[in-house]
Amino acid sequence: MTDLMNRLPRAAALASAGLLLALPAAPSAVAATASSAPACVEYAQGWRYTDVHNGCGETVAVTVDYTNGQWAPCRVIQPGERATFAGYGTDGNYVTGLRTCDPAATTGS
């Protein structure tokens, strides 16, 4: 216990001197894997919903980017299937594009 007490003042002194560096936050897995969705994945947006269709021959995991940066889930879509996301709503929060994502690493903010 006394060893811990001896170390605390040293850590405080280093921090006040600016010698302890704050580590940058680890980038999210979504950001690390995000790229534009393939052209065969298309969307159509409406006031209430944005419909995303996977026209590719393989499964894709995509999310939607909005004009105001609103969070959207990462959805896995099988070939020929569709997924629904939020629409643009009353304040005109339009979709700006689709991007790939990692469904295991996506959480709401």
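This is a predicted model: local features need pLDDT of at least 70, side-chain atom pairs count only at pLDDT 80 or more; totals for chains, interfaces and linings use all residues.
Local features need pLDDT of at least 70, side-chain atom pairs count only at pLDDT 80 or more, and totals for chains, interfaces and linings use all residues. Residues are numbered from 1 along each chain as its sequence is written, and side-chain values use heavy atoms, with hydrogens and water left out.

A disulfide is a covalent bond between the sulfur atoms of two cysteines. Here the term covers a pair of cysteine sulfur atoms within 2.5 Å. A search of the whole structure finds 2 disulfides. With the bonded cysteines of the chain numbered in sequence order, the pairing is 1-2, 3-4.

Cys 40 is joined to Cys 56, with an S to S distance of 1.8 Å. Cys 40 sits in the loop between helix H2 (29–33) and strand E1 (41–45). Cys 56 sits in the loop between strand E2 (49–54) and strand E3 (60–66), so the pair ties together parts 16 residues apart in sequence. Helices (H or I, at least four residues) and strands (E, at least two) are DSSP runs, numbered from the N terminus. The torsion about this S-S bond is about 90°, so the disulfide of Cys 40 and Cys 56 is right-handed. Cys 40 is partly exposed, at 29% relative accessible area, and Cys 56 is buried, at 10%. Buried means under 20% relative accessible area, exposed over 50%, and partly exposed in between (1.4 Å probe, protein chains only).

Cys 74 is joined to Cys 101, with an S to S distance of 1.9 Å. This pair links distant parts of the chain, 27 residues apart. Cys 74 lies in the loop between E3 and strand E4 (75–77), and Cys 101 in the segment after strand E6 (95–100). The torsion about the S-S bond of Cys 74 and Cys 101 is about 90°, so this disulfide is right-handed. Cys 74 counts as buried at 14% relative accessibility. Cys 101 is buried, with a relative accessible area of 8%.
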